[in-house]
Amino acid sequence: MASRRNSAWKRFLASPKAQRVAVTAGKVAAGCAAAGCGLALGLRELKRSQKPVDMWSEVTFDLRNRADRRGLEQGGPSKQLCSLGGFSADEFWAAARRLRPVELQLQELEEETRGGASGSSGEALVERWRAAGYFMKEPSRAELFGRRLTSDGQGVDIGVLVPPYLTSEVGVPAVQPPNWEPRPQLREEASQAVQRWGCALLRGAIAPEDVTALRESLGLGNGMGARRATEVGQWLLQRDPNVGMGRYTFGRLHCLLRGSPELEPHAMAVHAALAPLVHSFFRKEEAAGRRVFLSEAQLIVADPCAEGQGWHLENAGGPGLTVFLPLSNIAADRGPQSVLPGTHHLSDGSLGLRERLRLCLKALCATHGAVASAAAPDRTWAAGDALVLDGRLLHRGLPNDSLGSPAAVLVLRYDLTASPPPGCTRGWLRMMTHTGSLLQALFGLYAMV
């Protein structure tokens, strides 16, 4: 029986068909090997011609000097501006709470006035506000969303109110805003960094005492009393049973806070530190009459041994901002964010395909591929350091390989009402996930050669 099988196998190997298959397989293997060697040599030559760039040194901005709240509370529209525009100071602050750019534009008007601008600038600004309808009455929160599951509001404008940053209002939680004033162009430089690289790191955006208060108000606890993901979820549900939650990867709990009357105001408190950058980033869109809304506010808790996420983006339909704010120190082994710099250009519909690829590959060659938010010199993503991403940038949460306390991150997202997330089909999202994996593998080889 065995001899018959051996003879049949020998006859098959001696057949012309098997020989053709063997020759073809040999050619394919040789071609793949030659292509791999050629790719490695090409990448090596490209690497020699490119100077590596320390991206974090270019996109990191120190905001650890706090603003003087007494000076801020003197800010606001003058009586002359109110009379010119036919609005009251209360209407001005209401517009600011609805994410209209009135505070930043008022600041810029004051900067122009100090620089010797004419008095007609105020009249022109008021005319723009009036034409944009910033002070028109809008539907209340109850009319837009009401009391329902927070997951029902994902990607929809539900009229979220944010705290102003030029003043403090009684009963409105807000963190102490950082001082953006030492260098007048600081917010513009941070906005340009997001546009070029797809990310910016704001050191000390939230003060330590505000981080402690946020941990307490969101049920995370402090010190030895820090809660695990399941315990945090139970604590939140006791405060509001309508909070939506999900585990999309093992060990990582996502809690949707936007839409919760009890928890949303505490999550929105950090907007006071981010508002100047948000309005600076959306300057062109807001000047064209497009509106910005807060599209997401969620708390992510990654337990020890939590798995990593796949590459993904937030919104491929247009410009947007995603802000990751760690509420605890996150070392390199505790699940920081990893980003592929420049990949936000791949979803930029205003550019041609060739220009998208050029800008994307240029940034990735400069950084040698993916970089982690804990890759700074101290290899720690400190609590209160806000990582700001373009919503089209490919990023992912890395595994939490530590055995200590869980890592908690508060996430806010800003989008345009004209292009709500995700702005694309499910097929495009899957393709971008595979694109991220391909780019990671390619530039992993690039870093090695």
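## Basis of the model

The model is predicted, so local features are given where pLDDT is at least 70 and side-chain atom pairs count only at pLDDT 80 or more, whereas totals for chains, interfaces and linings use all residues. Residues are numbered from 1 along each chain as its sequence is written, and side-chain values use heavy atoms, with hydrogens and water left out.

Buried here stands for under 20% relative accessible area, exposed for over 50%, and partly exposed for values in between, with a 1.4 Å probe and protein chains only.

Contact means heavy atoms within 4.5 Å. Leaving aside residues up to four places away in sequence, Leu299 touches Leu218, Leu220, Val232, Leu236, Leu253, His254, Cys255, Leu257, Leu327, Val409 and Leu410.

## Surroundings of Trp235

Trp235 belongs to helix H12, residues 229-239, and is buried, with a relative accessible area of 14%. Not counting residues up to four places away in sequence, Trp235 touches Glu216, Ser217, Leu218, Gly219, Arg227 and Leu263.

## Salt bridges

Side chains of opposite charge can pair when their charged atoms come close. Across the whole structure, a search finds 18 salt bridges, each being a side-chain nitrogen of Lys or Arg within 4 Å of a carboxyl oxygen of Asp or Glu. In one of them the side chains of Glu138 and Arg100 meet at 2.7 Å, N to O. That pair links distant parts of the chain, with Glu138 in the loop between helix H8 (120-132) and helix H9 (141-144) and Arg100 in the loop between helix H6 (89-97) and helix H7 (102-114), 38 residues apart. Glu138 is partly exposed, with a relative accessible area of 27%, whereas Arg100 is buried at 5%.

Glu138 also meets Arg291 in a salt bridge, at 3.8 Å from N to O. Because Glu138 lies in the loop between H8 and H9 and Arg291 in the loop between H15 and strand E5 (292-302), the pair ties together parts that are 153 residues apart in sequence. Arg291 is partly exposed, at 35% relative accessible area, and salt bridges that share partners join Arg98, Arg100, Glu138, Asp157 and Arg291 into one network. In a further salt bridge, between Glu108 and Arg283, the closest N and O atoms are 2.8 Å apart. Glu108 lies in helix H7 and Arg283 in helix H15 (residues 283-287), so this pair ties together parts that are 175 residues apart in sequence. Glu108 counts as buried at 17% relative accessibility, while Arg283, at 30%, counts as partly exposed.

Strand E11, residues 386-390, is mostly covered, since five of its five residues are buried. Ala386, Val388 and Asp390 lie on one side and Leu387 and Leu389 on the other, and both faces are covered. Two strands pair if DSSP finds at least two bridges between them. Strand E2 (residues 199-203) runs antiparallel to E11 and is joined to it by four bridges, with Cys199 having Leu389 as its bridge partner in E11. Four bridges also join E6 to E11, again antiparallel, and there the bridge partner of Val323 is Val388.

Thr322 lies in strand E6, residues 321-326, and counts as buried at 1% relative accessibility. Beyond residues up to four places away in sequence, Thr322 touches Glu314, Leu387, Val388, Leu389, Gly391, Val411, Leu412 and Arg413.

## Contact of helices H6 and H7

The axes of H6 and H7 come within 8 Å and cross at roughly 115°, where axes are lines fitted to C-alpha atoms, for helices over the stretch in contact, and angles run from 0 to 180 degrees between N-to-C directions. Phe92, Trp93, Ala95 and Ala96 of H6 make the contact with Val102, Glu103 and Leu106 of H7.

Note on methods:
Helices (H or I, at least four residues) and strands (E, at least two) are DSSP runs, numbered from the N terminus.
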